[in-house]
Every structure is written in structure tokens, then in C-alpha cells.
Amino acid sequence: MRQFFLKQRFLFLFFLSINPFFHFAQMSLNWTPPIDIPILLSGTFGEFRSNHFHAGLDIKTKGREGLAVKSIQGGWINRIRVSTSGYGKAIYIQHFDNTTSVYAHLKKFAPKIEAFIKEKQYQKESYTIQLFPKSEELKIQQGELIGYSGNTGGSYGPHLHFEVRKTSNQNPINPMSYPLEIKDTQRPQIQNFYLYDGLHPDSKRKEFPLIKKNDSVYTTAGIHQEGKINVGLRLFDRQDLSYNKNGIYKGIVRLNGVPQFELKMDQLSFNDSNYINLLIDYEEYAQKRRRIQRFALHPELQVSFLDSTGSSGEMELEEGKSYQILVEISDYNGNNSYIEAYITGTEATQTAPDNKDWIDPSLDYLFDYEDKSVYFPPQSFYNPLPLTVENKDNRLVVDKNRYPLRKPFEVRFKISGGDSLQQKQSFIALLNDKDKPVFFSNHQKNGSWIGKSKTLGTFTLSRDSIAPQIKPLNFKQGQWLSTYNYLRIQLKDDFSGIKSYRGEINGKWVLLEYEPKKNLLIYNFEDLKFESGLHQLIIEAEDQVGNQAQLKVDFYRKNTD
């Protein structure tokens, strides 16, 4: 079997070598959809998320978990990851055409994959795990069942996250290039049209109401504007039969017919997400959760899906001259919407801001107070900024969340003398928008609590003296559990959060699947076989500041085998 597998791979690579015009998209003709229901999308490729560009498609699963997920092509599993965050339970399958498909947020894996993973989890005594199987260990046929859709990891509802990547560099490719049957006759929706007077985060923004000319074209009243301008839009796209507001595929800004800016989501690099905050109005999103997409190239912007050698999207208007701005927004199916804006250049009246006291992003800055400090290393910011740092009683106010950061900065609070238990339970907290403390860091170094943040805001010291809660949900002390398939246990911490947990039955480690969104641990009795009789379950948990809790429950179980 191994020789046949290697021979097939050799023949495929040989075929590629003698066919220079062969493209991976041709392989899509030999392709199985990842799920056997009509494809409806709750997320599109490249759309803007809170801290990243979406690397795949989110396929709706009718609000349910447990739908069969299949491999789109033959190949072998080259990576498996189980995590309580991010992609949750995820499978990566390498194919013969130099692509890798990814299936994430799964509820569970197919039996042969599940058995492979559980063996490794019990060896490492860890639920969270990352594996890189060899090519001969987990071979997969086209259309083979690989798992079941779910809601694990950083998912906010049942769905299948599906990706296609180039195997050579792991750059995600737009899966819409494959023959997915997605009905889409709807044009992208443009909600608001803005002009900015610069690329700085503090640049002024002005909205111009849109007037609908027909089904695809919007216009504005006559605009009189001075100096340099660039475009910002609130917009979304939606497919037929799905009401989710998804991202667009392509956007072009033209000035008098000449392209000034073009965005096209055919493929991404994961490094692109480091710069996502330069392509939105960051303060508007951070403070009001309203995303305005910027159609302009910041000088520090480095993303793979934009041509940084072309025009920047910043357009200079001359007094007395007339201009037409044409904005074209498209989805992958070629549905288009347009804005036609007519502008007359006016006399420049703006004066340059007085920035002599602004911080220089090329330098480092230390704001040191008696009991607390904040340190910004060089290149923490993208622009010179009028940053404000204040020491207010027990709070360290590091401006507010209005500027994007390139690098994290360091926050320190001095550890004062006093009760050792209180010190152990204390930590640095970041105050949220409701002025409530949220766990930030309890790392101690050189007599201080210390942490690194990539978000400006207000920091203070807080304390968590309450241990996690561990509670049986479907069983109780001394109960016979011979007919039970699963144990369900509640695990939650209301403040700093769960750091670690461990479960044992009769002194032997057992696999407890953890779902933080539901504060739930689950043990499957099929994992291990015990002798009939009395058993003891012990679960221990620790929160982020070291508070510990323990659950001990005796139960009886007859070995049905």
C-alpha cells in the first residue's frame, strides 16, 4: 500500500513537471464539498475581523452541531490541533496539488482520527495538543469522513470554518475559487461614505450622505474639499438565503478614471493581520465598534493583497479643479456597487498641527512613577502621537484605546510589603469600557507585577481571592453509573479565569474535554476500562492567580464488558 501511495504521488508530480500550464484550480474539478448541505456563509475570505483577516469561509450548519465533514480531496493528515481557543478541534489535510485544506471548530473527529489523537493525549496527559502525523499514518481519501461540525475554540456559534492553503508557504487561498455552489445575486451594500484629510489616526473625517441613482450606483451632492483626501466606507456583502453581513472581495477607487487604490482578496499571508488596524478607522472601531474600512495605504502598511508600488489612495485636490471619484465594490460572483462623487477643489486653509510635544515612534519612552511605570520600546507606534500617560491614585492611565500599536508596551506595578497571600492573589487588571477590572497579568519580576499590552487603556491592581468552582452536573456522590456514557462537570471561575485543571479516576489521569464557553468538562467512559466496583474521581483546578479547588466524588460502576 505504501509503495502504491508513493507511486501515485510520483506520477502526479511528474505530470505537473511536463505540463507547465497546469494550475491548481484545475484540480477543483475533482473536488468534494466539505459538507453535504447547501452552502450558506456566515463569513467570507479576507473579511475584516477584530484582530485578523478571515483566512477562510465560515459555512453555516443550520445552528446545529454534528454534521458530517468530508475531505475535499485525497491526501494525508499532516497536522491536528486541539485547543480551547482559536480553531478548537482542527484538521489539516495535505493534498497532491500542493494545497492543504483546513477544517476547524469541529465537535469531534472521525473514529480512526479520534483514536489516534486520544492515544497521544493520554500519553502526554493533556487535552490540548498539537500533532504532526507522518504521511503514511493517516491517509485520507476524497470524500472520506474526517469529523463532525461543532462550536469548539473561539467560535461564537455552530459552523464549519473551512480553508484552503498553499502547502509550500501556508498562505490561505480564497476557497471561492473552488466549485462551491453558493447562490449570490445580491450586490454589496455601501452604508456610509467618508472622506479623510490624511492617513494619521487623528485625521479628520467627514461623511457625505449617499443618494441612490439605481440598483447599483450611489452618488452624493456636490462636494467642495481642499488638500489631500482618501476614502472610507462602511459596507458589507451578503449572499442569497443568508442574512449575515460578510466582507467584500474587491474594491477599487479611481480619480478621474485613474486607479488610486485596489484591494482584492485572492490570497493572504498570516502576517497581513499584523497591519489590519491600519486599514480601518481604529478609534471608531475601538470606541464604538463601528468598522469603517480605509481605502488608502498607510506608509507602514505591508500586506500581500495590496500593491504597495502603486498609488496610495491619497488624492490631492487643486483649487478650482473638478474631479470625479468612482468607487467600485465587488463580491466574488461579480455583483457590483458603485459610488460616483463629484468634487471641486477649494483653497487650502488647514494648518499643520503643533506636534513638538508628540512622541516619536522611532524612540523609546519611559514614564516612571514611584509605584508604577509604563515603557514603550522603539517602534511601538506607526505615527508620531500626542500620547497622554497619567498616574491617578491607584490607576495608571495610558491614554485610551484610540491608537493602533505596532509592538506591545510594558506596564509595571511595584509590589509593596504586606500579607503574602494577598500579594499572591493580586494582579494587574485592565479596566474595560464599563470600568470593570479584567485580568491582565500576575507575572512578578524584580519586585513588581509586570505585563505587556498591545492595547492602550487604564490599568490598576486588583485581587482574586475566590477559588474556581467545580460541580458535578449529571451525577452525585455514591451513585451507580453503570449505564452512563459521559460525566459532565461544571468548571468555572468568575474573575481571573481558569489556568489549568487535571482529572484522575483511581489515581489514573483521565481525559476531560474542556469547553470554556459552557464552563463544562466532559469525561467519556469509553476511554478507559476499570474493574467493577467503587471508584474515586478527583478533579483539581487552578485560576490565573493560583487559587485552587478540588472535587472528590466516589461512584460505583459495573464493567458492562
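These notebook entries record what I looked up in the structure, which is a predicted model.

**Entry 1. The largest pocket**

I began with the open spaces. The largest pocket holds about 810 Å³ of space. I found 30 residues in its lining, and those closest to its centre are Arg49, His52, His54, His105 and Gly154. Two elements, β4 (75-82) and β11 (159-166), each give two or more residues to this lining. Of the elements, β11 gives the most, with three residues. I then sorted the lining of the largest pocket by class and noted 17 polar, seven charged and six nonpolar residues.

**Entry 2. Ser155**

I next looked up Ser155, which sits in the loop between β10 (145-149) and β11.

For the second largest pocket I noted about 700 Å³ of space. Its lining consists of 28 residues, and Lys89, Lys107, Lys108, Glu513 and Ile522 lie nearest the centre. The elements that give two or more residues to this lining are β7 (106-109), α2 (111-124), β37 (486-492), β40 (513-515) and β41 (520-524). I looked up which element gives the largest share, and this is β41, with four residues. By class, I recorded twelve charged, ten nonpolar and six polar residues in the lining of the second largest pocket.

**Entry 3. Enclosed cavities**

How many cavities of 30 Å³ or more does the model contain? The count comes to three. The largest cavity holds about 110 Å³ of space. It is lined by 14 residues, of which Thr44, Met176, Gly247, Tyr249 and Tyr332 are the closest to its centre. I sorted this lining into six nonpolar, five polar and three charged residues.

The second largest cavity has a volume of about 40 Å³. I listed its lining as Val82, Lys89, Phe109, Glu114, Ile117, Gln121, Tyr127 and Glu513. The largest share of this lining, three residues, comes from α2. By class, I noted four nonpolar, three charged and one polar residue in the lining of the second largest cavity. Two of the listed residues, Lys89 and Glu513, also lie among those nearest the centre of the second largest pocket.

**Entry 4. Gln239**

I located Gln239 in the loop between β18 (228-236) and β19 (250-255). Gln239 counts as buried because its relative accessibility is 3%, under the 20% cut-off. I found a polar contact of 2.9 Å between the side chain of Gln239 and the side chain of Asn246. Not counting residues up to four places away in sequence, Gln239 touches Leu41, Thr44, Ile182, Lys183, Asp184, Gln186 and Asn246.

**Entry 5. Glu262**

I looked up Glu262 in strand β20 (residues 258-264). Is Glu262 buried, partly exposed or exposed? Glu262 is partly exposed because its relative accessible area is 40%, which lies between the limits of 20% and 50%. I recorded contacts of Glu262 with Lys250, Gly251, Ile252, Phe305 and Leu306, leaving aside neighbours within four places in sequence. Gly310 stands 48 residues from Glu262 in sequence, and the C-alpha to C-alpha separation in space is 9.1 Å.

**Entry 6. The pairing of β29**

Strand β26 (residues 372-376) pairs with strand β29 (residues 409-414) in the antiparallel sense, over four bridges. Within β29, I found Phe413 opposite Lys372. Strand β29 is also joined to strand β33 (residues 448-453) by six bridges, and these two strands run antiparallel. Here I noted that Glu410 stands opposite Lys452 in β33.

Technical notes. Residues are numbered from 1 along each chain as its sequence is written. This is a predicted model: local features need pLDDT of at least 70, side-chain atom pairs count only at pLDDT 80 or more; totals for chains, interfaces and linings use all residues. Side-chain values use heavy atoms; hydrogens and water are left out. Buried means under 20% relative accessible area, exposed over 50%, partly exposed in between (1.4 Å probe, protein chains only). A polar contact is a pair of N or O atoms within 3.5 Å; within protein, one must be able to donate a hydrogen and the other to accept it, and residues adjacent in sequence count only if both atoms are side-chain atoms. Contact means heavy atoms within 4.5 Å. On a 1 Å grid over the protein atoms alone, a cavity is a set of points where a 1.4 Å probe fits but cannot get out, and a pocket is an open set with protein on both sides within 12 Å along at least five of seven lines; lining residues have an atom within 4 Å of a point. Grid points are joined across faces, edges and corners, and a volume is the space filled by probe spheres set on the points. Ala, Val, Leu, Ile, Met, Phe, Trp, Tyr, Cys and Pro count as nonpolar, Asp, Glu, Lys and Arg as charged, and the others, Gly among them, as polar. Two strands pair if DSSP finds at least two bridges between them.
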